Each structure stands twice: as structure tokens, then as C-alpha cells.
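Take a look at the chain shown here.

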Amino acid sequence: MAVQNALPNVPGWIRYVPMKLGFVGSGKMATALVQGAVSSRAFAREDILICDAVPGVAEKLASLVKATAVAKNEELAAKSDALVLCVKPVDALEALRGLRDGTKGKVVISIVAGLTLAALQDAAGSKVRIVRVMPNTPALIHKGAAAYSLGKTATADDAALTEKLFGAVGQIVKVKEELLDVVTGLSGSGPAYVYLVVEAMADAGVLMGLPRDLSLKLAAHTVAGAAEMVIETGRHPAALRDEVTSPGGTTIAGIEALEAGAVRSAFLSAVRAATEKARQLGASK
């Protein structure tokens, strides 16, 4: 895969010689990736190919971004230089086995939860390069957090391609595969934890007299703003917390209540439980 000049003003991204990128499946995450790839101009819309087992679904997404829908996975593999596997875990290995002839010498990027590099490689065959990615749903609004691991034969160009694609819809980092289950427990499942926090804060506002719509808006923006402060400043959350925690004030009273409720411990337990569940799912494949 040839490499050209870096994209202007986007450090770390690489512009590739035009290549066809095929999506096996067109669900929510595939939709986010396709839309991000096109809107960010990381990939040309005419180089995006989409296939889905459900009639009409691929055509709908292709029409939305003016990409190309393909009828069969075998045709998709033949026409693509790289594939992104975006199907349900129960369908993934069978899909890879069916694509063996068309994917030889190519890279397959899998976002399928619970399937290890070894399982993916076994199904795809030794001539296929594999990359495994754990994304999360905020990729739908280009605020995703993802991590990836390379298979044994995957190349630096495959890593760059992965970072280019997922960088179009958020942040992506490279980790050892054994850490992908932890990523699943933290950022993969994490949005659900945060939604619970926003809901609880909004309910608390209603309890104390705020209208529900106003309480929910304030809660959501408070969480979003606090997270952005951590990202933008690069400072430790504890330091930022101390700046709004005056002696004898309202914030320290609230923190006392949270600590009494073991909120910190509950989050530790949540990430641990989700990580262990991810490991169990992976071991059962």
C-alpha cells in the first residue's frame, strides 16, 4: 500500500493512494464509520463499498453518503482493497470463512465484540491480515473512543489505515490485545455508565424542584463540560475537582454524600465486572 504526503494540519494521519474500502455490514457503527470517513474527507465516497445481508439496508446507507452498495460479500471482497467487518458476533466467523478467496493478501479490520485475533485469523485464513478494534457508540457523533490491536502479520500500513478510519470519528489508541477486554469494560461499556450518571443527576434536580427538561439539560451539559475540561487542560481530575471544592462549601458536602454512597467503588466494580464478562465472552468463542 503506497503512502503519500501527510494530510495538512492533521498530524499522524496518512494519505493513501486511492483504495477501495469495503464494509461488511451496515449497522449503527458501520454507519458512523462510513459517514465519518466521508465527511472528514479521510476517504473518497466513490471508494466506499457497502454490503449487508438484509436487503435494502446497504443501499440506504450508500444512498445517504453517495457510496456504492454491493449485493454479495464475495463481490465486496473482490472489489475492495481492505474490509471492515461490522456484523454480529454470531455471524462474523462464518462471514470470514466465506470471504477467504477474496481477502487473500488483504487486511480485515474487525469491530466484532468478543472475537479474538486468533479466532478471526483462524476463520479468515493465514493469507489475510487482521486488525481488531474496540470502538464505542459516541463514534456516531464523532466523539468516539476506540482501541486496536494488530494481528501477527498486520503491517504498519494496516495500523495507519485503522487510525485514519477511526480517527475520523473520534480518538483511537493502540494497545496489546489482552487489554482490549479492559477497553471494553471502560470505554466500550462506559457510555452506559455515564448515561446512568446523567439520568441520576437529572432525577436529583427534579427531586429538589427543577423542571425535568431543564434538569436533564443542565445535567448533560455539566457532564460534557467537565469531561471536556479534563481533555482540553490535560490536568488530573482531582486537581480540577479541588478548584471547585471550597472549604465548608456546597461541593464538599455533595462529595461527602457521594463517598458515603461508595460511588467511586461502584465505578471500579462496574469496569471490573464488564471486563471479566468480556473475557468470558472471548473465551467461549
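## One residue to begin with

In which helix is threonine 162 found? Threonine 162 is found in helix α7. This is a predicted model, and every value below is computed from it.

Is threonine 162 buried or exposed? Its relative accessibility is 0%. Buried means under 20%, so threonine 162 counts as buried. Leaving out residues up to four places away in sequence, threonine 162 touches Ile109, Val131, Val133, Tyr148, Gly167 and Ile172.

## The whole chain

Now step back. The protein chain has 285 residues, and 40% of them count as buried. There are 13 helices and 10 strands. Along the principal axes, the C-alpha atoms fill a box of roughly 70 × 40 × 35 Å.

Sequence distance can also be compared with contact. Take the contacts with a separation of 6 or more: 62% of them join residues 24 or more positions apart.

## The sheet

Strands of a sheet pair through backbone hydrogen bonds, either parallel or antiparallel. Here, eight strands form an open sheet with mixed pairing. Their order is β5-β4-β3-β6-β7-β8-β9-β10. Which strands stand at the edges? They are β5 (68-69) and β10 (170-174). Each has a single partner strand, so one side of each is left without a neighbour in the sheet.

Follow a few pairs. Strand β3 (residues 21-24) and strand β4 (residues 48-51) are parallel, with four bridges. In that pair, valine 24 has cysteine 51 of β4 as its bridge partner. Helix α7 (residues 156-167) packs on the sheet. The helix touches β3, β6 (82-85), β7 (107-110), β8 (129-134), β9 (144-150) and β10. The direction of α7 makes about 155° with that of β10.

Strand β9 pairs on both sides. β8 and β9 run antiparallel and are joined by four bridges. Arginine 132 is bridged there to serine 149 of β9. β9 and β10 run parallel, joined by five bridges. Tyrosine 148 is bridged to lysine 174 of β10. β9 is mostly covered, with five of its seven residues buried.

In soluble globular proteins, nonpolar side chains tend to be buried together. The largest nonpolar core in this model has 38 residues. Phe23, Ile48, Val133, Leu165 and Phe166 have the most contacts inside it. Which helix gives the largest share of this core? Helix α1 (residues 28-39) does, with seven residues.

A second, separate core has 22 residues. Leu83, Leu93, Leu99 and Leu120 are among them.

Setting aside neighbours within four places in sequence, phenylalanine 166 is in contact with Leu33, Ile109, Ile111, Val133, Pro135, Ala146 and Ile172.

Two packed helices are described by the angle between their axes and the distance between the axes. For helix α4 (residues 89-98) and helix α6 (residues 117-124), the angle is about 35° and the axes are 7 Å apart. On the α4 side, the contact is made by Leu93, Leu96 and Arg97. On the α6 side, Ala119, Leu120, Ala123 and Ala124 take part. By class, the contact has six nonpolar, no polar and one charged residues.

Helix α10 (residues 212-233) has 22 residues. From first C-alpha to last, α10 reaches 31 Å, close to the 32 Å expected at 1.5 Å a residue. Glycine 234 follows α10, and its phi is positive, near 70°.

## Loops and positive phi

Most residues other than glycine have a negative phi, and most peptide bonds are trans. Arginine 41 is not a glycine, yet its phi is positive, about 65°. Arginine 41 sits in the loop between α1 and β4. Its relative accessible area is 73%, and arginine 41 is exposed.

Histidine 142 also has a positive phi, about 65°, although it is not a glycine. Its place is in the loop between β8 and β9. At 35% relative accessibility, histidine 142 counts as partly exposed.

Lysine 143 is found in the loop between β8 and β9. With a relative accessible area of 57%, lysine 143 is exposed. Beyond neighbours within four places in sequence, lysine 143 is in contact with Pro138, Val169 and Gly170. Lysine 127 is 16 residues from lysine 143 in sequence, and their C-alpha atoms are 34 Å apart in space.

How values were computed:
Residues are numbered from 1 along each chain as its sequence is written. This is a predicted model: local features need pLDDT of at least 70, side-chain atom pairs count only at pLDDT 80 or more; totals for chains, interfaces and linings use all residues. Side-chain values use heavy atoms; hydrogens and water are left out. A nonpolar core is a set of buried Ala, Val, Leu, Ile, Met, Phe, Trp, Tyr and Cys residues joined through side-chain atoms within 4.5 Å. Buried means under 20% relative accessible area, exposed over 50%, partly exposed in between (1.4 Å probe, protein chains only). Helices (H or I, at least four residues) and strands (E, at least two) are DSSP runs, numbered from the N terminus. Contact means heavy atoms within 4.5 Å. Axes are lines fitted to C-alpha atoms, for helices over the stretch in contact, and angles run from 0 to 180 degrees between N-to-C directions. Ala, Val, Leu, Ile, Met, Phe, Trp, Tyr, Cys and Pro count as nonpolar, Asp, Glu, Lys and Arg as charged, and the others, Gly among them, as polar. The expected span of a helix is 1.5 Å times one less than its number of residues. Two strands pair if DSSP finds at least two bridges between them.
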